[in-house]
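Hello,

Here is the structure we talked about. Please open it and keep it beside this email as you read.

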Amino acid sequence: MVSLDHVTHKIVTYIPYVLVLIDMRYEGVKCGKDGSVDNHMEMGKKLLAAGQLADALSHFHAAVDGDPKNYLAFYRRATVFLAMGKSKSALPDLSRVIELKPDFTSARLQRGNLLLKQGKLDEAESDFKRVTCVWDVTSREMRAECFIQVGEMGKAISDLKAASKLRNDNTQAFYKLSTIYYQLGDHEMSLNEVRECLKLDPDHKQCYSHYKQVKKLNKQIQAAEELIQEKRYEEAVSKYQSVMKTEPNVPQFSLLAMERICHALTQDQQANRAVLACSKVLDSDPENVNVLKDRAEAYVQDEQYEEAIRDYETAAKHSENDHQIKEGLEKAQRLLKQSQKRDYYKILGVKRTAQKKEIIKAYRKLAQQWHPDNFQDAEEKKKAEKKFIDIAQAKEVLTDPEMRTKFDHGEDPMDPESQQGHQHQHFHGGFHGFQGFNPFGSGPFNFKFNFN
């Protein structure tokens, strides 16, 4: 991208002479009653054209002193100051010209350039807005530079797109557009614009160098997304880590990579890693709805329901009509309520992702440990009976696909209140009420197991 100093230098050293010629139409204005001001103006103009700047400046000083309301005298003097590299001296004269004649386009344009060079971006933008012609490429490009400096990238893009259409061979406009999109993290639009530059000039050094970088990054991101679609989550994480190495200097790409790593880890049910990745993104972008949803789901997987609810509620503030947020929030609230009662997974000591074989294995181990026949003391035996019944219930619920699904959605198939009239029966103080299954076998505490 062409630097701001380079653009401004060209404007300051070259345009003043051009504008002097363009604005000859203003010479019809009378500059003084006795004509002496006219003489100074004419001499000053000739000396300026001849490059005798000090002598020209002397005549324009005299013209200004002779007629303090002669905007052309101030403008000519400002032109000489600019040609001499004295921009600070030129600025008050240009402001005086605009005060005397607000529609003097050239003065506004030059003042805007000086303000831009001095870093007074808001004031420069104001001048450029007043003078920019929709058909003038140079004005569009200069205003785009101002927008870039003040961070209004959308407006800069609008001006540069117009400039790229107004001049057929405007490779520089396409290059700038591509770099702006790249800084914004939009790799696809960046690639599109730099390709337009190379269509006009395949040997354009800046565009070709930038093209190679964007193409490499774009390829990595596309590959990572394909891996996510194929549910190859760990490979997707690795690919997005490569994206951050390819472009470590543009924060938007690091955020994008971490956002997708957060998503991949959540989908892979790696809750702890997912929470860490999501949190890094939210430190920089706390209103990122997608990341809030992913972290909430990771919290659910890790059974941190209150944290999940908090994330879902925050996400809902920024995306009110998102059904996924609503469903996730309701699920987290149900699971929180359920966790405050019996948790069959915790009873058996297995994860929510446990397979049927793991559940049966955990049940057998705990049933042997807590079988009431193992205890002689009355109080201990009573405690063991309750524990044994809980273990048996947990096994029944978690090995039955329908009951397990209900439980995973926050409904306890063994709780008549949760079932609201469903036919499952609950234990009321003893083990003989266990519907369809005697956990202790036949006889008084005979140790038998019938596993399907």
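Is Phe104 buried or exposed? Phe104 counts as buried, because its relative accessibility is 0%. Keep in mind that this is a predicted model.

**Aromatic pairs**

The structure holds six aromatic pairs. A pair of aromatic rings is described by the distance of the centres and the angle of the planes.

Start with Tyr75 and Phe104. Their ring centres are 4.8 Å apart and their planes meet at 40°, so this pair is tilted. A tilted pair falls between the two limits: planes under 30 degrees apart count as stacked, and over 60 as edge-to-face.

Now look at where the two residues sit. Tyr75 belongs to helix 4 (residues 71–83). Phe104 is in the loop between helix 5 (87–100) and helix 6 (105–117). The two are 29 residues apart in sequence, so the pair ties together separate parts of the chain. Tyr75 is also at 0% relative accessibility, so Tyr75 counts as buried. Tyr71 joins in as well: ring pairs link Tyr71, Tyr75 and Phe104 into a cluster.

Next, find Tyr345 and Phe407. They form a tilted aromatic pair, with 5.8 Å from centre to centre and 45° between the planes. Tyr345 lies in helix 19 (residues 344–348) and Phe407 in helix 22 (residues 401–408). This pair links distant parts of the chain, 62 residues apart. Tyr345 has a relative accessible area of 0% and is buried. Phe407 counts as buried too, at 0% relative accessibility.

**A charge over a ring**

Go to Trp370. The charged end of Lys387 sits over the ring of Trp370, 5.6 Å from the ring centre.

**Two packed helices**

Which way do helix 14 and helix 15 run relative to each other? Helix 14 covers residues 251–267 and helix 15 covers residues 271–284. They pack at an angle of about 150°, with their axes 8 Å apart. Angles over 145 degrees count as roughly antiparallel, and helix 14 and helix 15 are therefore roughly antiparallel to each other. Helix 14 passes helix 15 in a left-handed crossing.

Residues 37–70 are 79% helix and 0% strand, and the end C-alpha atoms are 9 Å apart. Residues 289–322 are 79% helix and 0% strand, with the end C-alpha atoms 10 Å apart.

Best wishes

Technical notes:
Residues are numbered from 1 along each chain as its sequence is written. This is a predicted model: local features need pLDDT of at least 70, side-chain atom pairs count only at pLDDT 80 or more; totals for chains, interfaces and linings use all residues. Side-chain values use heavy atoms; hydrogens and water are left out. Helices (H or I, at least four residues) and strands (E, at least two) are DSSP runs, numbered from the N terminus. Rings of Phe, Tyr and Trp (its six-membered ring) pair if their centres lie within 6.5 Å; planes under 30 degrees apart count as stacked, over 60 as edge-to-face and the rest as tilted. Buried means under 20% relative accessible area, exposed over 50%, partly exposed in between (1.4 Å probe, protein chains only). A charge sits over a ring if NZ of Lys or CZ of Arg is within 6 Å of the ring centre and within 35 degrees of the ring normal. Axes are lines fitted to C-alpha atoms, for helices over the stretch in contact, and angles run from 0 to 180 degrees between N-to-C directions. Angles under 35 degrees count as roughly parallel, over 145 as roughly antiparallel, 65 to 115 as roughly perpendicular and the rest as oblique. A crossing is left-handed if the near helix is turned anticlockwise from the far one by less than a right angle, and right-handed if clockwise.
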